[in-house]
Amino acid sequence: MSRPKIKLTLVERKGDHGCHRGHRVGDSFDFDTERGRLCPMAMHVAFPYVDILRYGGTIPGQPEGTAVFCCPDADTINVFKAEIVSEE
């Protein structure tokens, strides 16, 4: 059984400063092929959510197949959404 593809998208930015890595709302990353472009702080937080989604888990209070999480940068809080991408 193959693992589902995961897409990470920056959906919101909170705070007065821009992202130190240069990410902007709307930026998307394929977890398998583009995760090296993602800020290491955000990637550190994303990884457990990706594992949960990939192996059939769900995040309480969030739609099935999705996980919303924040980058831990105190200067600018980037809100990301991880989601399973269906291969049609």
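In what order do the four strands form an open sheet, and is the pairing parallel or antiparallel? In this predicted model, the order is S2-S1-S4-S3, and the pairing is antiparallel. Strands of a sheet pair through backbone hydrogen bonds, in either a parallel or an antiparallel manner. The edges are taken by strand S2 (28-30) and strand S3 (66-70). Each has a single partner strand, so one side of each lacks a neighbour in the sheet. Direction ignored, neighbouring strands of this sheet are turned by 20° against each other on average.

The pairing of S3 with strand S4 (residues 77-85) is antiparallel and runs over five bridges. One of the residues involved is Thr66, whose bridge partner in S4 is Glu83. A helix also meets the sheet. Helix H2 (residues 40-54) packs on the sheet and touches strand S1 (5-14), S3 and S4. The direction of H2 makes about 165° with that of S3.

The cysteines were examined next. How many disulfides does the structure hold? The count is zero. A disulfide requires two cysteine sulfur atoms within 2.5 Å. For Cys19, the closest cysteine sulfur is in Cys39, at 5.7 Å, which is too far for a bond. Cys71 is in no disulfide either. The cysteine sulfur nearest to that of Cys71 also belongs to Cys39 and is 4.8 Å away.

Is Cys19 buried or exposed? Cys19 is buried, with a relative accessible area of 15%. Cys71 counts as buried too, because its relative accessibility is 6% and the cut-off for buried is under 20%.

How values were computed
Residues numbered from 1 in each chain as written. Predicted model: local features only at pLDDT ≥ 70, side-chain atom pairs only at ≥ 80, totals over all residues. Heavy atoms only, no water. Buried < 20%, exposed > 50% of the residue type's maximum accessible area, 1.4 Å probe, protein only. Pairing = 2+ DSSP bridges. Helix = DSSP H or I, 4+ residues; strand = E, 2+ residues; numbered from the N terminus. Axes fitted to C-alpha atoms, helices over the stretch in contact; angles between N-to-C directions. Contact = heavy atoms within 4.5 Å.
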